[in-house]
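User: I am new to this structure and would like to know what stands behind the labels used for it. Please go through them one at a time.

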Amino acid sequence: IGFTEAYTERTRRALRHRLRYRLIVGKSTTDPRRGAADVPILVRRFHRLDEGWAVKACGPSLPIRIAPERWLTGAAYHHSFGIVEHIAAHTNAAIKGHGWNVDRVVKYQRNMTRLEAKATRALDAGHHLVITGDMNYPGGGPSWAPEATFERLGLANRSHQLAGQLS
């Protein structure tokens, strides 16, 4: 199970104490309040874990409320049909329609580049890949946008947009 915005102490405690699940989450030294805790993954304990990892995808930008440092979390585990690699991501908000002169757009692209590299590594290893998260980019877009990235990776894309949008 992949989460986004799971960084409150109450949420962290609840995830840490799920008896039948193993928590995979990184630890940020630069943003310990939110940082890596934003995108934890829970893996059922009966699945043998091959690898759990977390990497900083990009540093913070402004406004910090919608563009804190961003992380990717991953878990590779054995399932009855093979090894599944699950990657959880949460990219910066308010990107669409902004140009390269906006730092959070540059950081968004950096995040997507790291996500694609991790996804490619998983696919090259023969893993079944699942990516979950809040991509903050509704439909279409340039080559680094989620839709184009997932198409390049040969992944099916299921997008559910929520009402309202930041600008």
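Analyst: Helices (H or I, at least four residues) and strands (E, at least two) are DSSP runs, numbered from the N terminus. Ile66, for example, is placed in the loop between strand 3 (49-58) and strand 4 (70-79). This is a predicted model, in which local features need pLDDT of at least 70 and side-chain atom pairs count only at pLDDT 80 or more, while totals for chains, interfaces and linings use all residues. Residues are numbered from 1 along each chain as its sequence is written, and side-chain values use heavy atoms, with hydrogens and water left out.

User: How many helices and strands does the protein have, and what pattern do they follow along the sequence?

Analyst: There are 3 helices and 6 strands. Along the sequence the pattern reads α-β-β-β-β-β-α-β-α.

User: What makes Trp100 and Trp144 a pair, and of which kind?

Analyst: Rings of Phe, Tyr and Trp (its six-membered ring) pair if their centres lie within 6.5 Å; planes under 30 degrees apart count as stacked, over 60 as edge-to-face and the rest as tilted. By this rule there are 4 aromatic pairs. The ring centres of Trp100 and Trp144 are 5.7 Å apart and the planes stand at 65°, so this pair is edge-to-face. Trp100 is in the loop between strand 5 (82-90) and helix 2 (103-124), and Trp144 in the loop between strand 6 (128-134) and helix 3 (146-153), so the pair ties together parts that are 44 residues apart in sequence. With 47% relative accessibility, Trp100 is partly exposed; Trp144, at 12%, is buried.

User: Which side chains make polar contacts with that of Glu85?

Analyst: A polar contact is a pair of N or O atoms within 3.5 Å; within protein, one must be able to donate a hydrogen and the other to accept it, and residues adjacent in sequence count only if both atoms are side-chain atoms. The side chain of Glu85 has such a contact with the side chain of Trp53 at 3.1 Å, and another with that of His127 at 2.8 Å. Glu85 is in strand 5 and, at 0% relative accessibility, counts as buried.

User: Where is Thr73 found, and which backbone oxygen lies 2.6 Å from a polar atom of its side chain?

Analyst: Thr73 is in strand 4 and is buried, at 0% relative accessibility. The backbone oxygen in question is that of Val39. Contact means heavy atoms within 4.5 Å. Leaving aside neighbours within four places in sequence, the residues in contact with Thr73 include Ile24, Ile41, Trp53 and His86.

User: Which residues is Ala119 in contact with?

Analyst: With neighbours within four places in sequence left aside, Ala119 is in contact with Ile87, Leu129, Ile131 and Leu153. Ala119 lies in helix 2 and is buried at 0% relative accessibility. Ala119 and Leu153 are 34 residues apart in sequence and 7.7 Å apart in space, C-alpha to C-alpha.

User: What radius of gyration would a compact globule with 167 residues have, and what does the protein have?

Analyst: The radius of gyration is taken over C-alpha atoms, and the globule rule is 2.2 Å times the number of residues to the power 0.38. For 167 residues a compact globule would be near 15 Å, and the protein has 16 Å, which agrees. The C-alpha trace spans about 45 × 35 × 30 Å along its principal axes.

Notes:
Buried < 20%, exposed > 50% of the residue type's maximum accessible area, 1.4 Å probe, protein only.
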